[in-house]
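Please open the structure in a viewer and keep the sequence beside it.

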Amino acid sequence: MKSSHLRRLGAATALATLAACGDKSSEPLVPGLAEGVFAAGVTSVAGSAVATTPSVKVTTAKGTPLAGIAVTFAVQSGGGSITGGTPTTDALGIATVGSWTLGATAGVNTLVANTSNLPAVTFTATGIAGPAARTVGTTAPRTTAINRSPLTTQPVVQVQDVTANAVSTSTAS
């Protein structure tokens, strides 16, 4: 065989090998999926930061991670705040918000992440009351009373945390 035939044969073999290996270079590198990376059932004391910060993984439709994609996180409900709300994805396709502090009122908080015209990813965490910090009178007794008779309206107090959330269990004395 002539050397030109050998070169063509070598080039054809190389192309066939690349095709057989499933070369992904022809896959369009556009965002096809954004999914949340966050534990379910997250709770934290109202007004404090969640222990695990939410992340979004952005991939192509075939699952290839995409680096350098902008993700925008925003508090949707419950109050609170975030830091680092506009990260970009790393080499693994993951973007993580800097921190997420829940609103001061106990209840459901939501955070949304948006990227590249894909459906928004929603994260949910529940703010719970912190430790007992004070008692507050919620029902005052009448201002007049008959001597040695029970009060017609009994006083009622509520145990609250530092942000005025009712504490459901407390050992008050």
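**First stop: strand 9**

Strands (E, at least two residues) and helices (H or I, at least four residues) are DSSP runs, numbered from the N terminus.

The model is predicted: local features need pLDDT of at least 70, side-chain atom pairs count only at pLDDT 80 or more, and totals for chains, interfaces and linings use all residues. Residues are numbered from 1 along each chain as its sequence is written, and side-chain values use heavy atoms, with hydrogens and water left out.

**The whole chain**

Now select the protein chain, which has one helix and eleven strands. From the N terminus on, the order of the elements is α-β-β-β-β-β-β-β-β-β-β-β. Of the 173 residues, 25% are buried. The chain exposes about 10,800 Å², and carbon and sulfur atoms supply 59% of this area; accessible areas come from the Shrake-Rupley method with a 1.4 Å probe, and for residues only the protein chains shown count as cover.

Strands of a sheet pair through backbone hydrogen bonds, either parallel or antiparallel. Two strands count as paired if DSSP finds at least two bridges between them. Proceed through the pairs in turn:

- Strand 2 and strand 9 run parallel and are joined by four bridges; valine 45 has isoleucine 128 in strand 9 as its bridge partner.
- Strand 9 and strand 8 pair in the antiparallel sense over seven bridges; phenylalanine 123 in strand 9 stands opposite leucine 111.
- Strand 8 (residues 107-114) and strand 4 are antiparallel, with five bridges; leucine 111 in strand 8 is the bridge partner of valine 75.

**The turn between strand 8 and strand 9**

Select serine 116 and asparagine 117, both in the loop between strand 8 and strand 9. The hairpin of these two strands has six residues between the strands, and serine 116 takes a positive phi near 35 degrees there. Asparagine 117 also has a positive phi, of about 60 degrees, although it is not a glycine. Are these residues buried or exposed? Serine 116 is partly exposed at 37% relative accessibility, and asparagine 117 is exposed at 83%.

**The aromatic rings**

Next, display the rings of Phe38, Phe73, Trp100 and Phe123, which ring pairs link into a cluster. The whole structure holds three aromatic pairs. A pair of aromatic rings is described by the distance of the centres and the angle of the planes. Rings of Phe, Tyr and Trp (its six-membered ring) pair if their centres lie within 6.5 Å; planes under 30 degrees apart count as stacked, over 60 as edge-to-face and the rest as tilted.

The ring centres of phenylalanine 38 and phenylalanine 123 are 5.5 Å apart and the planes stand at 80 degrees, so this pair is edge-to-face. Phenylalanine 38 lies in the loop between strand 1 (33-37) and strand 2, and phenylalanine 123 lies in strand 9 (residues 121-128), so the pair ties together parts that are 85 residues apart in sequence. Both of these phenylalanines are buried.

**Two final selections**

Select threonine 60, in the loop between strand 3 (55-59) and strand 4. At 1% relative accessibility, threonine 60 is buried. Leaving aside neighbours within four places in sequence, threonine 60 is in contact (heavy atoms within 4.5 Å) with Glu27, Pro28, Leu29, Val30, Gly32 and Leu66.

Lastly, select valine 157 in strand 11 (residues 156-160). Valine 157 is exposed, with a relative accessible area of 59%. Not counting residues up to four places away in sequence, valine 157 touches Val136, Gly137 and Thr138.

Methods: Buried means under 20% relative accessible area, exposed over 50%, partly exposed in between (1.4 Å probe, protein chains only).
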